[in-house]
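I opened my notebook to look up a few things in this fold. Follow along with me, if you like.

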Amino acid sequence: CWKIASNIVSALGKGTLHSDEVIGNACAKGIYIALSYIGNDAPILDTRIYVGATEILVNLNASLRKYGNGDQTDPSRASHLVEATGMALAATTSAAGYTSDEVKLGPARLQCVDAL
């Protein structure tokens, strides 16, 4: 179940890079919904979703850099990406310093903050 969930959120992250604005925005909203929570503090993220969360952050970073400035700037799309990135950063706070051979969650978070 967790592997499937990780794959789904990873696919949403990849979708933010899609050239079609509607698909990119839908994936950004999907990330926002998938990682949203009730309350002031984000719940502790399960380690089995670290891979998917890392891929979300890596792809959001690339999307922000692609659609947030330069020749392909799209203000509407950038605002959806910023919302999704904020939620992803908040949801991954409990794993902020986590790094392993296959998962580089901490560095991915820092790259997203830089892209914002």
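I began with the contacts in this predicted model. Counting contacts in the protein chain between residues at least 6 apart in sequence, I found that 72% join residues at least 24 apart.

Next I looked up the secondary structure. I noted 5 helices and 0 strands in the protein chain, and along the sequence the pattern reads α-α-α-α-α. The radius of gyration is 13 Å, close to the 13 Å from the globule rule for 116 residues, so the chain is as compact as a globular protein of that length. I also took down the extent of the C-alpha trace along its principal axes, about 35 × 30 × 25 Å.

Then I turned to burial and surface. Of the 116 residues, 41% count as buried. The chain exposes about 6400 Å², and carbon and sulfur atoms supply 58% of that. For the charges, I wrote down 9 positive and 11 negative, with their mean positions 4 Å apart.

Helix 4 got an entry of its own. I checked its length: 17 residues at 1.5 Å a residue should span 24 Å, and the end C-alpha atoms are 24 Å apart, which agrees. Which residues of helix 4 are buried? I listed Arg 77, Ala 78, His 80, Leu 81, Ala 84, Thr 85, Met 87, Ala 88, Leu 89 and Ala 91. A reminder to myself on reading such a list: an α-helix has 3.6 residues a turn, so residues three or four places apart point the same way. I then asked what covers the buried residues of helix 4. The cover includes helix 1 (2-15), helix 2 (21-35), helix 3 and helix 5.

Helix 5 came next. Its buried residues are Leu 105, Gly 106, Ala 108, Arg 109, Cys 112 and Ala 115. Their cover includes helix 3 (50-67) and helix 4. I was pleased to see helix 5 among the cover of helix 4 and helix 4 among the cover of helix 5.

My last entry is on Asp 101. Where does Asp 101 lie? I found it in the loop between helix 4 (75-91) and helix 5 (105-115). Is Asp 101 buried or exposed? Its relative accessibility is 79%, so I marked Asp 101 as exposed, the cut-off for that being over 50%. I also looked up its separation from Arg 65, which is 36 residues away along the chain. The C-alpha atoms of Asp 101 and Arg 65 are separated by 25 Å.

Key. Residues numbered from 1 in each chain as written. Predicted model: local features only at pLDDT ≥ 70, side-chain atom pairs only at ≥ 80, totals over all residues. Heavy atoms only, no water. Helix = DSSP H or I, 4+ residues; strand = E, 2+ residues; numbered from the N terminus. Rg over C-alpha atoms; globule rule 2.2 N^0.38 Å. Buried < 20%, exposed > 50% of the residue type's maximum accessible area, 1.4 Å probe, protein only. Contact = heavy atoms within 4.5 Å. Areas by Shrake-Rupley, 256 points an atom, 1.4 Å probe, with all protein chains shown as cover. Lys, Arg positive; Asp, Glu negative; His and termini not counted. Charge placed at Lys NZ, Arg CZ, Asp CG, Glu CD. Expected span 1.5 Å × (residues − 1).
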